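Thanks for making the time this morning. I would like to walk through one model with you, so please have a look at it before I start.

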Amino acid sequence: MSDNKREIQKKIIELSRMDELHWESVCKCCGLCCLLKHTRRTQGTFYTSVACDELNLSTHKCNVYNHRLQRINCAKVDMRVVLRGGLLPNTCGYMEYIFGPAQTPIQVDFGTVKHEHELEPSDLDYAQAPFTADIYRRWPGPWDYLIPASLQWRTRAIELRDKYEDFGYMVLRHMERQKQK
Ligand code: SF4
Ligand code: SF4
C-alpha cells in the first residue's frame, strides 16, 4: 500500500472517530455546501450561484444552524456525506483534512450569489420540477446560475467515493459496533 493511500486512510479513521465538537471545528464555514446544486444524470452535480435562503451571504454562516435540519433541503455534513462524494468542494475543511490544502481554490463571488427567494418564478418551477426528459431538452433553460467549472471543484470528493468509500464504511461500521459494546 502506498504511503499516500495509508495516510488518507489514517485521516479517514481520525475523522470518523471525532466527537461532535472536534468535527464541527474542522468545518471552515465557507458556506459553499449551502449553494444549491443541480444534478444531471450524465454529468453529475453542478453548483449554482444560488444559495439557501438561510445562508448569510456576508458571513457565509447559517442563520438557523441549530435548527437547520428541520429544513427540507438541508442535510447534516457527516462522514457518510464526506465519503459519498459529489457534494463537497476540494477546499471543504473535511476534504482538506484528508488530502491537505487544495491547490486550486474555488473562486465564488458571494456578492453575485442570489438567495432562492430571489429567483424568478419560472426558475423555481424549473428547479423544483421532477427530473424528466423535458428538463434535459430545456437544459440549461433558465439555469443561468450554474457554475460550469463546479465539477472540477469536487475531484477530491470523487476520489474519496471511488477509492475509499468501502474503506470508510468499514471504519464507520466498526465505530458503530464499538459504541454498542
Ligand atoms: S439551512 Fe442548511 S443549507 Fe441552508 S444555510 Fe443553513 S446549513 Fe446551509
Ligand atoms: S463546504 Fe465544507 S467547510 Fe465549507 S461550510 Fe460546507 S462543510 Fe463546512
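Which residues have the most contacts inside the largest nonpolar core? They are L35, A51, Y94 and I98, in a core of 27 residues, where a nonpolar core is a set of buried Ala, Val, Leu, Ile, Met, Phe, Trp, Tyr and Cys residues joined through C-beta atoms within 7 Å, and buried stands for 20 or more other C-beta atoms within 10 Å of a residue's own, exposed for 12 or fewer and partly exposed for anything in between, with C-beta atoms placed from the backbone.

Please keep in mind that this is a predicted model, in which local features need pLDDT of at least 70 and side-chain atom pairs count only at pLDDT 80 or more, while totals for chains, interfaces and linings use all residues. Residues are numbered from 1 along each chain as its sequence is written, and chains are lettered from A and ligands numbered from 1 in the order in which they are written.

The elements giving two or more residues to this core are α1, β1, β2, α3, α4 and α7, helices (H or I, at least four residues) and strands (E, at least two) being DSSP runs numbered from the N terminus. Leaving aside neighbours within four places in sequence, Y94 is in contact, meaning C-beta atoms placed from the backbone within 7 Å, with L15, V26, V82 and L88.

By contrast, S25, in helix α2, is exposed because it has 10 other C-beta atoms within 10 Å.

Methods:
Contact = placed C-beta atoms within 7 Å.
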